[in-house]
Each structure stands twice: as structure tokens, then as C-alpha cells.
Amino acid sequence: MPDRRTLLRQTAELAADFLDGVGTRRVGATATHDDLVAAFGGELPSRGEAPGEIVSDLARIADPGLIASAGPRYFGFVIGGSLPSALAADWLTSAWDQNAGLYSIGPAASVAEEVAAGWLVELFGLPAGSSVGFSTGATMASFTALAAGRHRVLERAGWAVEEDGLQGAPEIAVVVGAEAHVTIHVSLQMLGLGRSRVHKIEADGQGRMRPDRLREVLAGLGDRPVLVCAQSGNVNTGAFDPLPEIVAAVRERPNAWLHVDGAFGLWAAVSPSLRHLTDGLADADSWTTDAHKWLNVPYDSGIAIVRDAAAHRAAMTLGAAYYIETGGAERDPYNWVAESSRRARGFAIYAALRELGRDGLIAMIDRCCAIARRMAEGLRDAPGVTILNDVVLNQVLVRFASPATDRSSDGASEPDPAVVDAFTRDVIAAVQADGTCWLGGTTWHGMAAMRISVSNWSTTEADADLSVAAIRRCAAQVGSAVRV
Ligand SMILES: *Cc1c(COP(=O)(O)O)cnc(C)c1O
């Protein structure tokens, strides 16, 4: 049996081997579900095995089932990669095995969070003193922030929800943009507010909440407590809800809470050239973002930020909901998320922020957006291509009409949408099979579309150009097959 040092060195070599190849390997997986089950499966071993053999075997059998999302040409979801220091800090996090529930059982873990929290609030331009919880992802961050909102609006209505629950409580009206991410509805489901029992506000052509419709809906809610969920960064278009108008409408009400889901879009607030998209952000009550998306730290790493720290703490603490903190400056992380024992997520975030610095972070966000625009421009003049969205951030939606249906050039009748949908899906499948890059499909306002998301620190213009060439080639091949 190898000693531990040998094992960890061997593991570091395996990890480096993978990362050395991640920019050139096929981006999609090659193994099927059956292949992977056959490779991983078998009887539960009755006798233990040698760690070195397990690790090398794991690296070998997992490999064909790995997606190169850590690499530069994965554009499928807003997924990001891992900055080198964040990956390394994450290794140390595992080696240290700290419990980030309480200061007393993980002092360094707690302080890494405390410092990272302050830096993040400053970077996003949010109110000083806002509280921060480090969650698994944006889903639990929105759960956390909306729990804080639920606490405060019910407290103002004379109800202690943490003690007495929702049964018999004053009814909260929940108002959500029609294009809110599904995880907002899941948060509401877990909070007892109902995933469907919401007022949905129509969106405009780019997926932004319409403030005129919001005003109409709010006007019909009487004096009920209200939770409003807006979005910074639509998963399809990258568009931002118009926060100045939304804030103005929400602030006219005596008892309302405004949450903003900015799982990836919040990072625009860091960049001087993009910040205008998030105007009004600092006037909301709570915010969600993900570090495992655009900060490029490993999973899992979501962030909940709440202006009203007392509401945040009351909603999440394991202690008494109305306990007033008097002593010590130490942060007990269990007061700010729905977990007690957990991974020390702060170390990787802290490392990533130091690796980039403010300037490096701005450069990375701006570069991803420039690459998205470059890919949109590289595809725009391909036969049959329509770019469906205004490329304001890192998202591009592309629709492909086959040569047989693309009559737009000769002014004849519009192509049949169902045929264009099918052709678009065929092009996406062909690009996935080609393996140069990976991106997925979506349905945007009833139309099938290819969705390109750029969020990896290591993606270059050359990766964008290679990927555009692959997409154009695949579209031409699928097109010539249709014509035959
Ligand atoms: C990705 C995303 C989420 C969900 O984030 P997880 O980290 O997967 O929980 C929520 N909202 C938006 C806008 C997203 O892009």
C-alpha cells in the first residue's frame, strides 16, 4: 500500500493529466450510460482495496463519462471552469476537512468567508453591512434570501414565521417575472409559498420583466405583504430586468421585499463597461449569485446576500430566531445558510478573488462577453442563421433555417417554423457529435434555438473561432443532407 504522500502526488498527476488534455479532448462524453454502469458497477467489494489502485482505476473508468466543462470550448450552460488557485484551494479544503458550521470548529474557514463576503459585497456595489451566506448553489442561495424576505414581510405583518410556521399566517403575495429561473419556483416550493401560486409578470421580447405590468399587478394586491423576484441575467438572452423601475414600483408599497436572482448576471455589476445593465441593483433587498459560475471556482459555491442581516439571520439561524448577538465578532456560518456541518467554501472563493484581483475579474467578465459577441458575429452571416437576442452579456441564441426553407433572401414566404425548429435541433445534435465544442438547445419564445454561454476563464478568441467554424461546418453538412 502506498503511503499517503505518494497517493496524493499520484492523484495530483492524474488531475494535471486531465487538465493538460481538457482543451483538446472531445468536449462531450463518449461513454453511454450502459458503458458507465458496466465500468463502475459490480458487487460491493467485501474486502477493501488499495487507495492508489482505486484512484487510478477511478480516473480510468470515469474518463469517457467526463464532460470537458472545465475546458475552454464548453458553451452549454453558464458553468465556468476552475481557476488554478481556486482548484488548489479546494484540494486543501478537502485535506483540511474543516467543518464550516461554526467558528469554534473551523476558525480559518469562518474568517475566509468573512473576508470573501466583504470583498464580494464591495465588488457588486451592494450596501455595506449586507450579510452573506455561502450555499451549495444559486438554488439554495435564493431559498435563503427569500426565507429572509418571508421573515421580514411576515414580521411586519405581526407574524413570527420561524416559530409559528405558515399555517394561519397572513397571506404573502409572490410576484415573479414570467422568465424567472425554475430554481426560483423551487425555492418557493420549499418555503411553503407554492411554486405555482405566484403572480407572473409578462416579459418583453428580450425576456425582461415589464415594469408597467408589474405596477398593474401590484396595484391589485391590496395591502398584502409582497415578495417580488426579479432577475439580472436571463439564462437564454442574458437580459436584465429593468431594476430602477421595478425598485420604484416595489418601494411604493409599505411591506414588500425585492429579491434579485443574478446567478451569473450579478457579475456584470463588477465591470465598469457592463455595470449599467445592473442599475438599481443596490436598491433591492437580497441577491443571489454563483461563484461556481462566473467566478470560476469548483462546485459547489452559491452566494446569498441580504441587506437586512437581522432578517437573514432570523430565517437561517440554528439558534433562537430572536437572539440578539452581543459578544464577539466571530462569524458562525450556520447563521447564514440552511446548513450546519458543511464544506468550507470560503477558501476557494478567497483564492479566486486574490488570483484575479478586481482588475483581473473585470477583464475575465469583459473577455467572456467580447467572445460571445465575436461568436455571434462569426455566425450571423452564415446561410439561414438568425441571432435571436441582443448580445448584451455572455449569451447568444442562434436559430438555423435549412437552405431548403431559407427563402428570406428572395423575399418569398416565411419558412415553416416547425421545419426551422427541426433543422436547428439537427444542427445542435451535429455540433454535439462533432465534439469541437459543446452547446445545447433551448426554446425561446416558442422557437428552437442553439444557446451559447461563455463563462470560462480559459476560453480564448481562438477557441471561439474554432467553435464558430465547427458550428458553420455542421450547419452546412446538415443542410446539404436536407437538400439531397
Ligand atoms: C444557474 C442559475 C440558477 C441555478 O443555479 P444553481 O447554482 O444550479 O443552483 C438560478 N438562476 C439563474 C438565473 C441561473 O442562471
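Buried means under 20% relative accessible area, exposed means over 50%, and partly exposed is anything in between (1.4 Å probe, protein chains only). These legends describe a predicted model, in which local features need pLDDT of at least 70 and side-chain atom pairs count only at pLDDT 80 or more, while totals for chains, interfaces and linings use all residues. Residues are numbered from 1 along each chain as its sequence is written, and side-chain values use heavy atoms, with hydrogens and water left out.

**View 1. Arg208 pairs with Asp204 in a salt bridge.**
A salt bridge here is a side-chain nitrogen of Lys or Arg within 4 Å of a carboxyl oxygen of Asp or Glu. By that rule, the count comes to 27 salt bridges. For Arg208 and Asp204, the closest N and O atoms are 2.7 Å apart. Arg208 is partly exposed at 30% relative accessible area, and Asp204 is also partly exposed, at 22%.

Helices (H or I, at least four residues) and strands (E, at least two) are DSSP runs, numbered from the N terminus. Glu216 is partly exposed, with 47% relative accessibility.

**View 2. Arg215 reaches Glu252 through another salt bridge.**
The N to O distance here is 3.1 Å. Arg215 is in H9, while Glu252 is in the loop between helix H10 (243-251) and strand E5 (256-261), so this pair ties together parts that are 37 residues apart in sequence. Arg215 is partly exposed at 37%, whereas Glu252 is exposed at 56%. Also look for the network in which salt bridges with shared partners join Glu202, Arg210, Asp212, Arg213 and Glu216.

**View 3. Helices H9 and H10 cross at roughly 10°.**
Axes are lines fitted to C-alpha atoms, for helices over the stretch in contact, and angles run from 0 to 180 degrees between N-to-C directions. The two axes come within 9 Å. That makes H9 roughly parallel to H10 (angles under 35 degrees count as roughly parallel, over 145 as roughly antiparallel, 65 to 115 as roughly perpendicular and the rest as oblique). Pro211, Leu214, Arg215 and Leu218 of H9 make the contact (heavy atoms within 4.5 Å) with Glu245, Ile246, Ala248, Ala249 and Val250 of H10. By class, that comes to seven nonpolar, no polar and two charged residues. Here Ala, Val, Leu, Ile, Met, Phe, Trp, Tyr, Cys and Pro count as nonpolar, Asp, Glu, Lys and Arg as charged, and the others, Gly among them, as polar.

**View 4. Helices H6 and H11 pack at about 105°.**
H6 (residues 138-156) and H11 (residues 309-316) have axes 8 Å apart. H6 is therefore roughly perpendicular to H11. On the H6 side you'll find Phe143, Thr144, Ala147, Ala148, His151 and Arg152, which meet Ala310, Ala311, His312, Ala314, Ala315 and Met316 of H11. The residues of this contact divide into eight nonpolar, three polar and one charged.

**View 5. Seven strands make an open, mixed sheet.**
The strand order is E1-E7-E6-E5-E4-E2-E3, where two strands pair if DSSP finds at least two bridges between them. E1 (131-135) and E3 (199-201) stand at the edges with a single partner strand each, so one side of each has no neighbour in the sheet. On average, neighbouring strands are turned by 20° against each other, direction ignored. E1 pairs with E7 (residues 302-306) in the antiparallel sense over five bridges, and Ser131 stands opposite Val306 in E7. Helix H5 (residues 107-124) lies across E1, E6 (286-290) and E7, at about 115° to E1. Helix H8 (residues 182-190) lies across E2 (173-177), E3, E4 (226-231) and E5, at about 165° to E2.

**View 6. Strand E9 is largely enclosed by the rest of the structure.**
Six of the six residues of E9 (residues 395-400) are buried. Gln395, Leu397 and Arg399 cover one side, with Val396, Val398 and Phe400 on the other. E8 (residues 385-387) runs antiparallel to E9 over three bridges, with Ile387 partnering Val398. Four bridges join E9 to E11 (residues 447-453), again antiparallel, and there the bridge partner of Val398 is Met450.
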